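Biologist: I'd like to learn how to read helix packing and nonpolar cores. Could you walk me through a case?

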Amino acid sequence: MAKGWAKDGVVVTEKLTAVLLVDDLRSFVDGRVAQVARTSGAGIEALERHRGARLDELWLDHDLGVDDTIWPVVEVLERAAYEERPFNIGVVYVHSANPAGAEKIMQALRRWGYNVRSAAGSRLVGYLSDAD
């Protein structure tokens with residue numbers, strides 16, 4: 001995606017970054033533009049909307065509420081790679097506060113060739129307000 005505007009008769013293009021955050025409670029605190037999914041189901045729907053397009057960053061939390069985890073999203077990513085049609089994702093950041101869960105996510109996705117990095121404790125993701 002790109003956003004363009006004219007400056008002195010010249011069109012200037014700025015690349016917009018496609019970012020998806022899957023987390024039940026937290027958001028980006030730096031004001032970046034991102035899609036936010038609060039459940040695994042919403043995460044899968046958002047991911048599927050990016051099928052065939054570039055997703056620059058995918059941020060994953062492990063625990064998504066009482067009976068929900070990130071595993072359904074991870075399974076969609078694994079299945080796509082198994083079927084030799086992986087999602088086009090620049091970097092998958094795992095920012096979970098659950099160390100064992102985060103490690104399992106990273107192992108599973110690296111196995112299928114995704115570029116995965118730990119972002120545990122990242123100051124980019126935090127609690128904004130009760131209304132978010």
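**Helix packing and cores**

Modeller: Here the axes of helix 1 (residues 40–49) and helix 2 (residues 71–82) come within 8 Å and cross at roughly 30°. Helices are DSSP runs of H or I, at least four residues, and strands are runs of E, at least two, numbered from the N terminus. This is a predicted model, where local features need pLDDT of at least 70, side-chain atom pairs count only at pLDDT 80 or more, and totals for chains, interfaces and linings use all residues. Residues are numbered from 1 along each chain as its sequence is written, and side-chain values use heavy atoms, with hydrogens and water left out.

Biologist: How do I read such a pair?

Modeller: Two packed helices are described by the angle between their axes and the distance between the axes. Axes are lines fitted to C-alpha atoms, for helices over the stretch in contact, and angles run from 0 to 180 degrees between N-to-C directions. Helix 1 and helix 2 are therefore roughly parallel (under 35 degrees; over 145 is roughly antiparallel, 65 to 115 roughly perpendicular, the rest oblique).

Biologist: Which residues in helix 1 meet helix 2?

Modeller: Ser40, Gly43, Ile44, Leu47 and Glu48 meet Pro72, Val73, Val76 and Leu77 of helix 2, with contact meaning heavy atoms within 4.5 Å.

Biologist: And what is a nonpolar core?

Modeller: It's a set of buried Ala, Val, Leu, Ile, Met, Phe, Trp, Tyr and Cys residues joined through side-chain atoms within 4.5 Å; buried means under 20% relative accessible area, exposed over 50%, partly exposed in between (1.4 Å probe, protein chains only). The largest one has 28 residues, and Leu47, Leu58 and Tyr114 have the most contacts inside it. Helix 2 gives the most to this core, six residues. Leu47 touches residues including Leu20, Leu58 and Val73.

Note on methods. Lists of a residue's contacts leave out its neighbours within four places in sequence.
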